[in-house]
Amino acid sequence: MAEISNAIPEVSAIEIHSQSQLNWVIEDSGNSNKLYGLNDEGQILKTITITNARNIDWEDLTFDHLGNLYIGDFGNNSHNRKRFMIYKIKKDDLKKNQVSAELIQFTLPKDLESKNFEAFFITNNSFYIFSKENKNCVVLKVPNQPGKHIAVLKKQFILKGKYNKVTSADISQDGKTVVLLNYYKLWKITDFKDDDFFDGKIKALTFKHHSQKEGICFKTNNEVLITDEQQAFEGGNIYSFNLD
């Protein structure tokens with residue numbers, strides 16, 4: 001476990017890439033339009049300002065296989081947001097202090113406009129975006145192409161048990177495992193075909209402590225990193241969790 005710098009108390013996502021030595025994080029709504037690179041001790045080593053972006057509600061991060069990083073600005077706590085953004089930061093731009101991101105914009109199908117979203121990942125050049133709610137988990141699909149899109153409903157699925165709001169998601173580098181994060185647990189999904197994730201084997205893994213866990217990413221195919229927000233005397237850490 002590592003303690004995250006007090007300068008960024010509301011970390012909402014974490015992402016790492018095999019070609020990067022840093023743990024990349026963001027903060028969510030009400031915070032700046034900055035991307036932070038942390039070392040393994042949680043100290044800020046790199047700060048990148050996204051000059052053409054505003055942090056309406058940045059919620060998750062994902063890397064593609066080429067090393068490009070994407071910021072998901074799709075939080076919808078007010079349930080009345082109309083336009084959603086994904087910002088693409090090119091691999092080489094991660095070396096800079098200020099960058100202009102490539103814009104991927106999408107809207108929701110009309111019957112889903114009240115949904116809130118906090119989690120996504122990219123695979124096979126498409127984004128899969130997961131809703132945050134206690135009942136049906138809605139999965140949207142958006143192409144990784146600049147411009148404006150209408151998200152496509154991929155699946156609705158009921159996660160069993162209580163406290164099922166998904167706050168972050170990732171897919172392993174080998175493409176065989178999906179993880180969905182919650183404050184109290186994560187779901188490990190395996191044995192799925194193509195992008196029919198919820199048709200696979202789903203196993204809930206419960207944590208030994210409760211905190212506002214907002215970010216998850218794969219470190220290896222069997223190990224994930226998790227971040228939580230600072231809340232009073234708890235949180236503000238990076239945790240390692242073995243899926244086996």
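These legends describe the whole chain and then a set of aromatic side chains in a predicted model. Residues are numbered from 1 along each chain as its sequence is written, and side-chain values use heavy atoms, without hydrogens and water. Local features need pLDDT of at least 70 and side-chain atom pairs count only at pLDDT 80 or more, while totals for chains, interfaces and linings use all residues.

**View 1. Overall fold of the protein.** The protein has 22 strands and zero helices (DSSP runs numbered from the N terminus; helices are H or I of at least four residues, strands E of at least two). Its radius of gyration is 16 Å, close to the 18 Å of the globule rule for 244 residues, so the protein is as compact as a globular protein of that length (C-alpha atoms; the rule is 2.2 Å times the number of residues to the power 0.38). Along the principal axes, the C-alpha atoms fill a box of roughly 40 × 40 × 35 Å. Of the contacts with a separation of 6 or more, 48% join residues 24 or more positions apart (contact: heavy atoms within 4.5 Å).

**View 2. Burial in the protein.** Buried residues are 56% of the 244 (buried: under 20% relative accessible area; exposed: over 50%; partly exposed: in between; 1.4 Å probe, protein chains only). The accessible surface is about 11,500 Å², with 46% belonging to carbon and sulfur atoms (Shrake-Rupley method, 1.4 Å probe; for residues, only the protein chains shown count as cover).

**View 3. The F121–Y128 pair.** The whole structure holds 15 aromatic pairs (rings of Phe, Tyr and Trp, the last by its six-membered ring, with centres within 6.5 Å; planes under 30 degrees apart are stacked, over 60 edge-to-face, the rest tilted). F121 and Y128 form a tilted pair, 6.1 Å centre to centre with 35° between the planes. F121 counts as buried at 0% relative accessibility, and Y128 counts as buried at 3%.

**View 4. The F157–F198 pair.** The ring centres of F157 and F198 lie 4.5 Å apart with the planes at 5°, so this pair is stacked. F157 belongs to strand 15 (residues 152–158) and F198 to the loop between strand 18 (185–190) and strand 19 (201–206), so the pair ties together parts 41 residues apart in sequence. F157 counts as partly exposed at 23% relative accessibility, whereas F198, at 6%, counts as buried.

**View 5. The aromatic cluster.** One aromatic cluster is formed by F121, Y128, F130, F157, F192, F197 and F198.
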